[in-house]
Structures are given as C-alpha cells and as structure tokens.
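Colleague: I'm new to reading protein models. Could you walk me through a few features, one at a time?

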Amino acid sequence: MSFPQSLPATRTPPAMDAPPLRWGILGSGWIADTFTRSVKAHTRQDIAAIGSRSRAAAHTFAAKWGIARAYDSYEALVNADDLDVIYIATPHNLHHDHALLAIEAGKHVLVEKPMALNLAQADAMVTAARRKGVFFAEALWTYFLPKFDVLQQVLDAGTIGDILSVFTEYGEYLPREHRIFDARLAGGPLLDLGTYPVSLLTKLLGVPQTIVGLAEPDKAGVNGQLSVVLANGRGALGTMSTSLYGFTPTNAAIIGTQGSIRFETEFHLPGSFEVWSLDGSIRLRYDEPRGAHDEGIFYEAAEVARAITQGELESPARPLAASLQTMQTLDGIRKALNITFQEAGLVE
C-alpha cells in the first residue's frame, strides 16, 4: 500500500446542526460550568435545568447561565418529565450512583469521565442502560473532537501499519486543596488525568496482557505520580506517566510498521498532528489551533443529541465497549501498582 499524499477531511458535522434536546445538569461544579458555557456558545442545545444537593448552589448556577429551573435534589432533577438527557457532572466517585439514578428514571445519560471507579461499576451502569433502553455514553470529550475523527480514519485505513508502540503522558500542577488530593474521593492522578492516556493506549493496543510500573504515594494519602509500561499479546508496548506535581507537554506518539503519528500540542485537546511515512519523507499535517475545553467539549453534546434523535443507544465516537475496556485497563494498572480506593461503600 502506497503512503497517501493527503489526510481525509473530518466527518464531524457542525455542532450547530445537531437537533436541540432538553438537558439537565446533575452537579454544579467546575466541569458543569465549563460544559454549560461551551454548549451554550457553540450549539443549539437547551440547558433546561440544573440539579444540586444545595438549593443555593443550584439557584446560583441557574442565575449565572439563565437556566429556567433549579432543583435542590438530584432525584427531583432526574424525575422531571420535560428533560431528554442528563449530564452527570459530579466527582467520579459518585458517577455510578448518579448515573444509575438517572437511568432508572428513564433518562438518557452522558456521564463524565471516568465512567466509574472500576469495571464492576461500569458493567452495572451499561447493563442498566441497556435494560432501560436509554442512551448512555462516557463524556471523554477528546474522542468527539473533529481531530480524532481524522485520526480514526487514518488508523482505519492502515496508513501507519500495525502499531508497535505508543508513548503517552499527562501531568498538571494542582493545588493541595483540590479534590484530587482527597483520598475519600478516589483521588490521585490515575482516574482523572490518567484516563486520557490510558484510554488512548487501550484504544490503540487493546486491554494489556502485561503491566509493570512504579507508583509513588503522596502525603495526602493518595497516589501522587506513576509510570507504567503495558504490553499486548502481539508484543506492542505502550508507556504512560501521570503526575499531580507539575505541567508536562501531555504529548503522545504512535509508531507503526509503515509510519508514525506525532501530536504537536496536548494530544487530548484540539490541536494539530502530523502523520509521517516510515522514513519521514512524507509528512501530512492536520492543522487546527490549540484549544481547551471551551473550544471542544461542546462536540460531545452535539453528538449525543444526534445519536439520541436517531434512536441510537450509544455513540460510535466513544462506544461503550471502549469505555469498558478502558476501565479494565485502569483496574489492571491499579492492581499491578497496588493502588486502592478507601471511600465508604466501595469493596475492593
């Protein structure tokens, strides 16, 4: 197969074209605020209601964003009969319970990443959604970006051949008062920052057969940083490091038998990447400005609205099987590195 001379165009439809649905936001923290701002700016979706455990928080959020209804309980939100879909925006140790609450109320659900704390929880959520016949997806917004649709087409075409190795990392500086340092909230970088590189490794290499690595504890009682090497049954290798202690390039490289893919900015954000032929003589560039949540998180809302309107129960951009496989890999990393969670009610 000859190496292509150009990259395919993205197939991601304009977000403004997605049919508007009525959304309820469950949780009123930072990611709910970011999601609402981005969706309101770039789509026709109707953020119709906000639910919080605090009446004051719900009404403050509603007033800030011009949301018509504010509920001071999650139960009231999910049982509202004029909402189409619930976006779960609470901390990840609560995703399982809150997603099941919405699913059992018969609502379609988009749940923030990671879907759950472990594979057992994630399996239960998927089973419940299928039993109720509702749409369900993990809001790992990276995979809804136009950039990743182009990348998927490159992979599907076999442009770089069989994947031999994948290099990933993601580190950020986070202040001590951040929830990520709270052991009661399943803190540490793995389920937060690490979900991005681990999901990419699992997408490209599958669930690993072998995992080796090192993890360093933090004085707060959570894991502070870790590094792993993963191997699949073909002997392809993936590396991943994640840290709470400082900003890293958050880059990735994918090496195949016929070429490679290099990200020019953070791999999980809007931005440019290049596809190189094996000898580097051909370099194809996908070019777009670097962006952050505001410039990209709305794509997942638009895709969810399209899928629900078309009667689909999951999205090809982030299939439920991919979310479950990512959870399986995360479980494997925690087992290999002896990372446990201590919050009440979780049996490990």
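Colleague: Is Phe148 buried or exposed?

Modeller: Keep in mind that we're looking at a predicted model. Buried means under 20% relative accessible area. Phe148 has a relative accessible area of 3%, so Phe148 is buried. Phe263 comes out at 5%, so Phe263 is buried too.

Colleague: How many aromatic pairs are there in the whole structure?

Modeller: A search of the whole structure turns up 9 aromatic pairs. One of them is Phe148 with Phe263, which is stacked: 6.3 Å centre to centre, with 20° between the planes. That pair ties together distant parts of the chain, since Phe148 sits in helix α6 (residues 146-156) and Phe263 in strand β12 (residues 259-263), 115 residues apart.

Colleague: Why is the pair of Phe263 and Phe267 edge-to-face?

Modeller: Look at the angle here. Planes over 60 degrees apart count as edge-to-face. The planes of Phe263 and Phe267 are at 65°, with ring centres 6.3 Å apart, so the pair is edge-to-face.

Colleague: Which residues form one aromatic cluster?

Modeller: Tyr143, Phe148, Phe263, Phe267, Phe273 and Tyr286 make up one cluster.

Colleague: Okay, on to strands. Which side chains of strand β4 are buried on each face?

Modeller: Here's the general idea: in a regular strand, side chains alternate between the two faces of the sheet. In strand β4 (residues 85-88), both faces are covered: Val85 and Tyr87 are buried on one side, Ile86 and Ile88 on the other.

Colleague: Which strand is joined to β4 by 4 bridges?

Modeller: Strand β1 (residues 22-26) is, and β1 and β4 run parallel. To see a bridge for yourself, find Leu26, whose partner in β4 is Ile88. β4 is also joined to β5 by 4 bridges, again running parallel. There, Ile88 has Val111 as its bridge partner in β5.

Colleague: Now charges. How many salt bridges does the whole structure have?

Modeller: The idea first: side chains of opposite charge can pair when their charged atoms come close. A search of the whole structure finds 19 salt bridges. Among them, Asp218 and Arg176 meet at 2.6 Å, N to O. Asp218 is in the loop between β8 (210-217) and β9 (223-231), while Arg176 is in the loop between β7 (163-171) and α7 (195-205), 42 residues apart. At 8% relative accessibility Asp218 counts as buried, whereas Arg176 is partly exposed at 41%.

Colleague: Which residue forms a salt bridge with Arg285?

Modeller: That's Glu264, with the closest N and O atoms 2.4 Å apart. Arg285 is partly exposed at 41%, and Glu264 is partly exposed at 37%.

Colleague: What about Glu266: which residue is its salt-bridge partner?

Modeller: Arg290, with the closest N and O atoms 2.8 Å apart. Glu266 counts as buried at 18% relative accessibility. Elsewhere, salt bridges that share partners join Asp33, Arg37, Lys64 and Asp294 into one network.

Conventions
Residues numbered from 1 in each chain as written. Predicted model: local features only at pLDDT ≥ 70, side-chain atom pairs only at ≥ 80, totals over all residues. Heavy atoms only, no water. Buried < 20%, exposed > 50% of the residue type's maximum accessible area, 1.4 Å probe, protein only. Helix = DSSP H or I, 4+ residues; strand = E, 2+ residues; numbered from the N terminus. Pairing = 2+ DSSP bridges. Phe/Tyr/Trp six-rings, centres within 6.5 Å; stacked < 30°, edge-to-face > 60°. Salt bridge = Lys/Arg side-chain N within 4 Å of Asp/Glu carboxyl O.
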